[in-house]
Each structure stands twice: as structure tokens, then as C-alpha cells.
Amino acid sequence: MPNPDPLLSVRDLRVQVGRRGPQILHGINLDILPGETYGLVGESGSGKSVTGLSIMGLLKRPLNVSAGSIHYQDQNLLKLAPRARRRLRGDRIAMIFQEPMTALNPVASIGTQIAEMFVIHRGLDWPAARRRAVEALDSVQVPSPEERARAYPHQLSGGMRQRVMIAIALACRPDLLIADEPTTALDVTVQAGVLKLIDELCRAEGTAVLLVSHDLGVIANMCQRVGVMDRGRLIEEQDTVALFSNPLHPYTRGLLAARPRLGSRVEGGRKRLTELEEIVPPNARGHDAPTLVTPRGVRAARAEATA
Amino acid sequence: MTGPAPLLEIRDLSVHFARPRPTIFHPAEMLRAVDHVDLTLHEGECLSIVGESGCGKSTTALAVMGLQEPTAGTVLYRGKPLNGPGAPGRKERARIAQMVFQDPFASLNPRISIGRMLLAQLSLHGIASGSEARDRVAEMLTRVGLSPDHARRFPHEFSGGQRQRIGIARALMLDPRILVLDEPLSALDVSIQAQIINLLMELQERLKLSYIMISHDLSVVEHVSDRVAVMYFGRVVEEGGWKQVFTTPTHPYTRRLIDSVPDMDAVLAQRRELPPPAPVPDGARFSPDISARPDPRTMPEPSHLATIGPDHRVRLAGKAP
Amino acid sequence: MRFNFVFGLFLVSVVVLAALLAGLLAPFHPIMDADLMSSELPPGAPHWMGTDAQGRDVLSRILYGARVSLMVGVVSQIINSTIGAALGISAGYFGGVWDDFVNGLTNVMLAIPSLVFALAIMAVLGPGLPSLLIALGLTNWSWTCRIARGSTLSLKSQSFVLAAKAAGFSDWNIMRTQILPNIVGPLLVIGTLGIGSAVLAEAALSFLGIGIRPPTPSWGNMLTDARELLRTAPWAAIFPGLAIFVTVLGFNLLGDGLRDMLDPHMRTRRE
């Protein structure tokens, strides 16, 4: 089955600390197809957030891209002039972060902050932009949007703030939304609502999503394809169902085994959890394993290096 | 009721905070962080308190530890009150219950080496000194999976998982009977979580400890608890054995909580069905009504924990019959 | 910037060495070698900084004066830091009425110009070194107190403080072993900057004639004596003034440099 042309192609992306410092990403290859939700999962320090930030062009010094390419619509984002890249940001490629409080401007009303997107990227005048902002708040299911548009970030709950962030991110109907741990700071019942919202809105608009998360459950419920990262490498990539039913890389297997499953406890005492180290010893992780590409698009770093 | 008094009993515990008034003309408002909570911990058990942020689970833990003065109610240890007049002092209390904290970075003093921190406890309580104390520290570090020469190091030299092991070592140094675990895993990576869970379960069995675990992670709670209490806006809304709460979740809030957990098994076609609730008496209404967000400042409606099965209680509206 | 620290340390070391080795370095006795025959001599051999109205060697008096200035600066700042830290830490730790009281007191202290307050204390105690130490030691602790209180407030909610409480340590023990070591850095910065202002305050009070009593040389009373000689012998005023300038600059640079070095953003504490 031929895959459609990817919306975004990342090739051999390498990120380094400074010029001589350690490498953070060791050559990431991934494609995001139009309209799909792609999950990037890994533990802290695996490089999943750095990958998202590199695509967005928001790496903070001393981190810098040392090699590779990120192609979007036949243009290499890494070769783009800063202005052109800025124009894409927020318009064609948008991002939401883990902590919505720090991502919002505390001294501007949320209506203004959403309206700003329409003024900057769509050239609307302020009154028209404000009307669109209220519509946008309505679309992210913020109750009484006209009233809330006048509110300031600190007057909203965490869940509401994340909805506002989504409204800002999706204001210009981007092709790609990068969501970096969008619900990690939220309570579980609020998380369920926010995830559903992201899923519905992006499905309706055909927006592709790159969902970065440490939470296997969130990834499983949201994504069509999943890439697993460990120590700066993409070690496995599969369709979601295939990944969770038949993980190929020992690290993935270890990660899945380490987590207790809700509803899986049987009577008669508690079971010990399988620790990651019992499946993949720490010194076997993070090696450069030759990447295996199969015709069906299933990729996994070869297991021999770690077995 | 048979046998001796339970290890720890929380009786009618309330912690109310005065909310800051916007101006002096506004009436004083009370935030009912913890409101009439009754809980029992038996010897060797793990009691988990689950709920979302602001439900009062952490405040309950602090009150058990004596780190938060309750507005009303008592905490009894083997039948003797831990607060109020005649309660044991801070030092005596330290031998009864200890706490493991959520953030492994904030829970260790960056200026004090691990060894010094652990030795200080032993000398404060006159348990051991000199080489005997150092042996005890080495033994404890080994017990939690670290090496004795880690004693010379400072907190910033350790990873998050190692720090949490140090936090556990510190809590066990005085050989307490109860450990209060306040979100002990939520700051850790998945693979580290498994190690810490295994360590905690192993220590509990080996040292005959009793745990009160505060958590929002239902998968972990189900995995390790003997009993579970679900808190919502300062009150316990459902309580019972782990099996009762997880296989027949009955209060609408418990059901919503379990239903919200993103479950990785769901993708394998067999979407997990929410288990059926236990039957409740005809005409009974659950309290509070979760379709509207309760206002923690107003007086809640009268309600009681009704027994709906063996070792299973839910909060129903109306006075206890 | 590293430069601030190094240059500040250099200036301060020069002044400290001058004070310590005054007995060796000074070519003349600062008081006894008065010689009216050689009064108001311009700089040159053997009086490298000239002489004053009574024919005393300005260089020697500055070297001995450094002892007074540094002693006043350091001792009064130690008193200030102790008071400020004790009040600030206890206020932040206990909160409540005590915190309100300390806060109020701090605000009152900040509202009164400290020099005027010191002047009032000196008026009651009379001039002289001990009363000068007391006056300057009691009037400049408010910033230390504020910083100590603020840092304590943020530290006391950290779980390592709760853990120490749970382990049975007394409040006094927790303040001493858990909180103080964590705020020593900012207190050191404030203290260093405070030495500079104490040196300046000593000079001002001595200049007003209620600080160090003549004939003991201090940079302040040297300026007083030199006031009438500004036309005829400006060096008698310029060199003590320069000494004050260098010392205060040195301590301020050192304080700034320390602050930069202790700034958590400049360090990598976590891995």
C-alpha cells in the first residue's frame, strides 16, 4: 500500500550542545503524514521534546541542529530565513506546551492573545480578530466565551488555560500541531476532556498532530502511529496497534511491561512488576543499531545490538 | 469488631483554611480542604487515598504526620490520640510515622551529604553513634538499593530514582511503623516507577510496614493497595477493599475517575468496559452531585457513608439512618 | 561577571593588607610624629601623600585609618547580619504575629534614614569606637532581614524541611541546619555590600565629629581636619577621600561578583 506523500519529513536530524558538546539527537528519521496523529514516546532525556522543538525552530541555546533536514512542502525548514520560518510558526505549524500558564502572557486578556494570531497571520483588523477569537474560544468548548475572552490567564483553571492554548494554536488552521506533553500538568478527568478536544478538532480540520508524551496510555488512545525514543534515537516505529500488541525492540517491551495495567490485578496478592533492566540491560541501551525498514513501513532498530 | 485497636484511625478529621479576603468588607470564607474524614489503617496494610488535585488527599497526609494542625477531629495510633492535649511530642511521633515525598529534588537538602542527613536522625534520637551509626547508615543504603559509599555524596549527584531511594532510606531510618507516601512515583520515569514500586512492596513485606499512599495514579493504586479511599472536594466518597472499589466502582465520581484513565489496552480492539457498580438501596442519591462542581466554600449537604457490601462504602445524600 | 569579583577582591585585599601591615608600611607614626615645622607639605619624599596642618604624614594616617574603617565596617556588618538573619529566618519560619511584627519593624527601619538613626544613637551613647560599632550595627539590618525572610519562606515549604520536622528535629535545629546553609550565599552578598556602606557611614559620622575621636586617625575625621585646608593643602582631603572610594568600590564589586557567582542560573546544580 503506497503511503501518501508526507506532510513533514525529518531526515538524519542531529542536535548537539554547542559545537563540541554531547549529541542529544543521533540522527532522527521520521515522516508525518497529512492528518495523522503521530506519537513520540520516551522517558525524560530521550530527546522527544528536543525533536518537537527542532521542528518548531524553538531550540534554546546552546542546543543547535548540527546536521539533517526537516522538509515541509518541498522546503527545508532548517535552510529557511528566520522571517520566513517565523511566518510558518503559529500559522502552518503550531505548538502547545505542558504548562499553559507559562506559555500565556499573564498581562493580556486571553481574547487579545487569540485575536493577535488573526491580526499577525491573517491581517484582520482588531474588531474582526476579536470576534474570531470568541468563536475560537467557543470551538474549544470554553463556556460563555464572550465573557471568558476578557479574562486573564490566572483567572482560569489549568484545563481552561490548556483549552485557550489549543484555541491559539489552532486559530490559523495549521497543517501540523506539535503537542508537547499537553496534559501532563492536568488532572486525569480534565486530561480526558482536553485529549478528546484535540482529537476532534484536528480530525475535523485534517490537522496532523505530533504528540510528544511519556504516557503510553495517552499515546495509545490518541495516535495512529508511534515512534519510541531512547537516548536520542528513534528505536522503533510502528502502527499503534502493532506496537502495543507486538513491540519489537527490547526497550519498548521493557517500557510496556514496567507499567501496571488498570484492571489487570487478580486476587491473591500483589505481583512484582517487571523492571526495564530485566529486559534491556542499561549498558545495552543507546547504541547505534542499524535501522531496519520493512516494506510495510514498520521500522525498528535491530534487536541484535541489544539482545 | 474484634481484635485490638487498628494501627491508625483517622476520626472525623477536618482541616479548614481561611481564604484570603479580597477586601476587609468581604465575609471570611472557609475552604474545606478536608471535611469529616474517617479512615482506618490496619497493621501491614496499604491504604491508598486517591483523588485529583485539591481534593484534600495531601492535606490528610500532612495531618496524619502532624505537619498540619487539624481544625477538628483526631488521629489515633493504637488507640492513643496523636493530636490534642497529651499527644506525643515531635520526637516521639517521628518513631511512629514517616513520610516519603513527591518531588525527589525538593525533598533533599542540597547542602547536606546523604550520610550526614541520615546520621543526624540517629544521633537526635540517641539510637546509635560512632561506627555503629555509620554501619546502620550503610546497611540502610544497601537495603534501598544504593551502595554504602553513596553516603559521602550530595543530593545533586544522584538521579531522580536514586533520590527517591534516599528519601525512602531517610523515612525508614527511625524504624517507623507507618510510611506515608505522598505521590512517591509521579515525578519519576515509567521504568524507574516500576523499580520504586517493587522496592516499596518488598520493604513493606520484609519490615512489616503499613502504608498510607497518596496518589492520583489509579493503575499503581490498584496494583499495590489493600484498601482504597476516593476523595472528592475534601470528603471520602467511596471506600473499601481494592477489589470492591476497582471491580464494582459505585460512586459516580469513582466511575468517572476510572473511566478517564487513558488505557493502553484499549487500542487492542478490546475496549475496556467500565465494570458495573454495586447495587445501592432504592431511592438513594449519591453525594455530592458531580454534574455540578461543588463549591468548597459553602456548607455541603448532609450525607453519610453507607455500607453497600462487605468492606465497601459510598457517600449517599441524607443523614445516616 | 568574573571581572567584578577579581577586581573587587584585589581592591579589598589591598586595603586589608594596608590595615594589617600599617605598622610596617607606615613611614611615620600617625599621631606622635606631629611636627608643626613640616605642616602642609605637598606630596613628595619623604611624605608621599604630603602632611596635614599639624605636620602629620597623611600616608601613615591613612594606613592606620584603614584599621579603624575596616574594623568598623566588618564588625558592624557582622552585628547587622546576625540581627537580620535571626529576625528574618525566624519571621519567615514561624509566620503569624511574629512575622507581622518583624515586617513592621523592618519597614520602619527602612523608612528612617539609617544615618540619621545612627546619629541619634551616637548622640545618646557619645562618640567613640564601641558606640560607633553599636550605632552602625543596629541600623543597617533591614535588607538582610528581608532577604533572609523571603528565602526562608520559599525554603520552608520545600519537603526537606517537612522531612526534618517529621524526623523530630526541633524548630531551632531546622532553622540552623536546614535553612541557614541554604541562604548563606545571598546573606554573604548583602553583608559584603553592607561593609562598603558601613565604611561610608563611619566616614560620615566621623566627619560630623561624632564618630572616631581625634587624634585616633580615621578616614572620616581626617576629612574633617582637611576641610579648612582645601585651598592650601588639598592632598590632605584627596587621599583619605580616595581611600574611602577605593574601599567602598572594592566591597561593592566583590559583593556584585559574589552575587553573580552564587546565582543559581549561572550554575548547573542538577546534573
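This is a predicted model: local features need pLDDT of at least 70, side-chain atom pairs count only at pLDDT 80 or more; totals for chains, interfaces and linings use all residues.
A salt bridge here is a side-chain nitrogen of Lys or Arg within 4 Å of a carboxyl oxygen of Asp or Glu.

View 1. Polar contacts between chain A and chain B come to 18 residue pairs, both partners at pLDDT 80 or more. On the side of chain A that touches chain B, the elements giving two or more residues are α8 (188-205), α9 (216-222), α10 (240-245), α11 (250-257) and α12 (276-279). Sorted by class, that side of chain A has 16 nonpolar, eleven polar and twelve charged residues.

**View 2. The area buried between chain A and chain B.** Here 39 residues from chain A meet 40 residues from chain B. About 3500 Å² is buried between the two chains, and carbon and sulfur atoms give 56% of that area. Within chain A, the residues that lose the most area to chain B are Leu262(A), Arg265(A) and Arg270(A), together 26% of what that side buries.

**View 3. A nonpolar surface patch on chain C.** Take a look at Phe3(C), Phe7(C), Phe10(C), Val14(C), Leu242(C), Phe245(C) and Leu249(C), which make a nonpolar surface patch of about 660 Å². Helices α1 (2-20) and α11 (235-262) of chain C each give two or more residues to this patch. The largest share, four residues, comes from α1(C), and Phe10(C) has its place in that helix.

Key
Residues are numbered from 1 along each chain as its sequence is written. Chains are lettered from A and ligands numbered from 1 in the order in which they are written. Side-chain values use heavy atoms; hydrogens and water are left out. Contact means heavy atoms within 4.5 Å. Buried area is the accessible area (1.4 Å probe) that two parts lose on being put together, summed over both. A polar contact is a pair of N or O atoms within 3.5 Å; within protein, one must be able to donate a hydrogen and the other to accept it, and residues adjacent in sequence count only if both atoms are side-chain atoms. Ala, Val, Leu, Ile, Met, Phe, Trp, Tyr, Cys and Pro count as nonpolar, Asp, Glu, Lys and Arg as charged, and the others, Gly among them, as polar. Patches are made of residues with over 30% relative accessible area and no salt bridge: like charges are joined within 9 Å, nonpolar side chains (Val, Leu, Ile, Met, Phe, Trp, Tyr) within 5 Å. Accessible areas come from the Shrake-Rupley method with a 1.4 Å probe; for residues, only the protein chains shown count as cover.
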